[in-house]
Amino acid sequence: MLNLLKRLFAGDNNSSRKQANDRLRLVLTHDRTATSAQLMETLKEEIIEVISRHVEIEGNPEVTFINEGRRSALDINIPLKGR
Amino acid sequence: MGEQKEGAQVIVVTSGKGGVGKTTTVANVSTSLAKMGYKIAVMDLDIGLKKLDLILGLENRVIYDIVQLIEGECTLKQALVKDKRFPELSMLPAAQTRNKDEIQPEQVKEICEQMRADFDYIFIDCPAGIEQGFRNAIIAADKAIVVTNPEISAVRDADRIIGMLESAGFTDIMLVVNRIQSEMVKKGDMLSIEDLMEHLCIELLGVVPEDKRVLISTNKGEPIILNEHSIAATAFNNIAARLTGKEIEFPTFEENSFWNKIRNLGRNLFPNK
C-alpha cells in the first residue's frame with residue numbers, strides 16, 4: 001500500500017518518459033561539451049589523483065556535470081580528512 | 001543578426017533531423033499570416049529534395065527555381081509563384097535536379113535583400129542536416145524557428161542546431177513542438193512540453209498536437225489551417241499570431257492535476273485495464 005501511494009504521488013519512476021529524460025540529460029551534456037562518459041571517468045581519476053598528492057581524501061569524492069540552462073559546469077566534491 | 005533591417009523579417013525554419021514537420025510548419029504558418037493580410041514569401045532551400053511546392057499544392061505552377069534565378073536565367077518576379085488562394089503569398093521554389101552545394105550563402109543573402117522591401121515576412125525552409133544547405137538557409141535570417149518532435153533523437157538534433165544557431169550569432173531562437181500526443185504524455189510514454197523546455201531552454205513558440213487531418217490535407221495540397229475542425233490548424237494559427245506579437249496563452253500541459261492523479265490511481269490499482 002505504501003508503495004502504491006509512493007507511485008501515485010511521485011509518478012511512475014520507471015516510465016519510458018522518465019528514461020527518455022534521463023538519457024537525454026546525459027547525452028545533451030556530453031554533446032554540448034564535446035565530452036564522453038569515458039572522458040569523465042578519466043577526469044575524475046586525474047582530479048582525485050592530483051588532490052590526493054597534496055591532501056588526504058576521505059569518503060567518496062565526486063566529479064559530476066551540473067547544468068544551468070544551456071551551460072554546463074563541473075561539480076567537484078572532494079571531502080578532505082580532518083585532523 | 002540582432003538588428004532589425006528595413007522591410008521583411010526573415011525567419012529560418014530548421015530542425016537538424018528530417019521529417020519532424022519543418023515544411024508543414026512553414027506552409028501553414030505562412031498561409032495563416034497571408035490570410036491575415038501580411039505579405040509573405042516562402043523560400044525553399046531544400047535543393048534536390050524539394051517538398052514545399054507539394055505541401056502548398058503549388059507543384060503545377062512552378063516554372064523557374066532558385067538555382068535558375070541565381071544563374072540569371074530568370075528574374076526574381078518570374079521565379080516567384082503566386083498562390084491564387086492567398087494573393088499575399090509567394091513561393092520561391094527549390095531546384096529538384098541540382099544539389100545543395102551549387103548555391104552559396106552569399107547568393108541566398110542577396111536574394112533575401114532584394115525581397116525584403118516587398119514583404120512583411122520571409123520564411124526559409126531549411127533542409128535537414130548541418131552542412132552547406134543549413135549554412136545557406138541561416139545566413140540571411142534575423143530569427144530562427146526550431147521544429148522538433150517529442151522524441152529523443154529529434155530533441156538531440158534540435159539541441160545541436162540550437163547550439164550552432166547560437167554560435168552563428170542568433171539571439172532569437174524559438175521552439176515549435178510538433179506531433180505531441182497528450183494521452184501518451186499522461187501515461188508516461190512521451191516527453192512532455194515541460195521536459196522539452198527543460199532540455200532545450202529556448203522560448204516556446206508553439207505546440208502542435210498530433211492530428212491525422214494534417215496528412216489528409218497534405219494529400220490534397222491544401223493547408224491544414226483552412227480546416228476549422230483541426231486541432232493542428234488552431235496550433236499553427238496561434239504560432240502565426242504569436243509571430244506578429246500577439247500574446248496567446250498556451251493550453252495547460254500540466255499533467256499532475258487532481259483528476260489525473262485519480263485516473264493514475266485507477267491505473268495503478270487495475271494495471272491491466
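In the predicted model, the largest nonpolar core holds 55 residues, and the members that touch the most others are Val12(B), Met43(B), Leu45(B), Met115(B) and Leu165(B). Helix H7 of chain B, spanning residues 152-167, supplies the largest share of this core, with five residues. When neighbours within four places in sequence are left aside, Leu45(B) is in contact with Ile66(B), Ile103(B), Val108(B), Ile124(B) and Pro127(B), among others. The contacts of Leu45(B) also include Asp125(B), Asn136(B) and Ala137(B).

Chain B consists of 273 residues, of which 52% count as buried. Its secondary structure comprises 12 helices and eight strands. Among contacts in chain B with a separation of 6 or more, 77% are between residues 24 or more positions apart. The accessible surface of this chain is about 12,700 Å², and carbon and sulfur atoms account for 51% of that area.

Chain A has 83 residues, and 22% of them count as buried. Three helices and two strands make up its secondary structure, arranged along the sequence in the pattern α-α-α-β-β. For chain A, residues 24 or more positions apart provide 37% of the contacts with a separation of 6 or more. The accessible surface of chain A comes to about 6,200 Å², with 51% belonging to carbon and sulfur atoms.

Over all chains, the structure contains two aromatic pairs. The pair formed by Tyr38(B) and Tyr121(B) is edge-to-face, because the ring planes meet at 75°, with the ring centres 5.6 Å apart. This pair links distant parts of the chain, as its two residues are 83 residues apart. Tyr38(B) sits in the loop between helix H1 (22-36) and strand E2 (40-44) of chain B, whereas Tyr121(B) belongs to strand E5 (residues 121-125) of chain B. Tyr38(B) has a relative accessibility of 27% and therefore counts as partly exposed. Tyr121(B), with a relative accessibility of 7%, counts as buried. The other pair joins Tyr121(B) to Phe123(B) and is stacked, with 6.3 Å from centre to centre and 20° between the planes. Phe123(B) is buried, as is Tyr121(B). Through these ring pairs, Tyr38(B), Tyr121(B) and Phe123(B) are linked into a cluster. Another ring, that of Phe250(B), has Arg242(B) over its face, at 3.8 Å from the ring centre.

With neighbours within four places in sequence set aside, Asp195(B) is in contact with Arg17(A) and Asn21(A).

Elsewhere in chain B, Gln114(B) is located in helix H5, which covers residues 105-116. Its relative accessible area of 44% makes Gln114(B) partly exposed. The C-alpha atom of Gln114(B) is separated by 8.5 Å from that of Leu76(B), a residue 38 positions away along the chain.

Backbone geometry was also considered. Most residues other than glycine have a negative phi. Ala34(A), which is not a glycine, has a positive phi of about 50°. This residue is found in the loop between helix H2 (16-33) and helix H3 (37-54) of chain A. With a relative accessibility of 67%, Ala34(A) counts as exposed. In chain B, Arg179(B) likewise has a positive phi, near 65°. Arg179(B) lies in strand E7 of chain B, which runs over residues 173-180. At a relative accessibility of 40%, Arg179(B) counts as partly exposed.

Definitions and conventions
Residues are numbered from 1 along each chain as its sequence is written. Chains are lettered from A and ligands numbered from 1 in the order in which they are written. This is a predicted model: local features need pLDDT of at least 70, side-chain atom pairs count only at pLDDT 80 or more; totals for chains, interfaces and linings use all residues. Side-chain values use heavy atoms; hydrogens and water are left out. Helices (H or I, at least four residues) and strands (E, at least two) are DSSP runs, numbered from the N terminus. Buried means under 20% relative accessible area, exposed over 50%, partly exposed in between (1.4 Å probe, protein chains only). Contact means heavy atoms within 4.5 Å. Accessible areas come from the Shrake-Rupley method with a 1.4 Å probe; for residues, only the protein chains shown count as cover. A nonpolar core is a set of buried Ala, Val, Leu, Ile, Met, Phe, Trp, Tyr and Cys residues joined through side-chain atoms within 4.5 Å. Rings of Phe, Tyr and Trp (its six-membered ring) pair if their centres lie within 6.5 Å; planes under 30 degrees apart count as stacked, over 60 as edge-to-face and the rest as tilted. A charge sits over a ring if NZ of Lys or CZ of Arg is within 6 Å of the ring centre and within 35 degrees of the ring normal.
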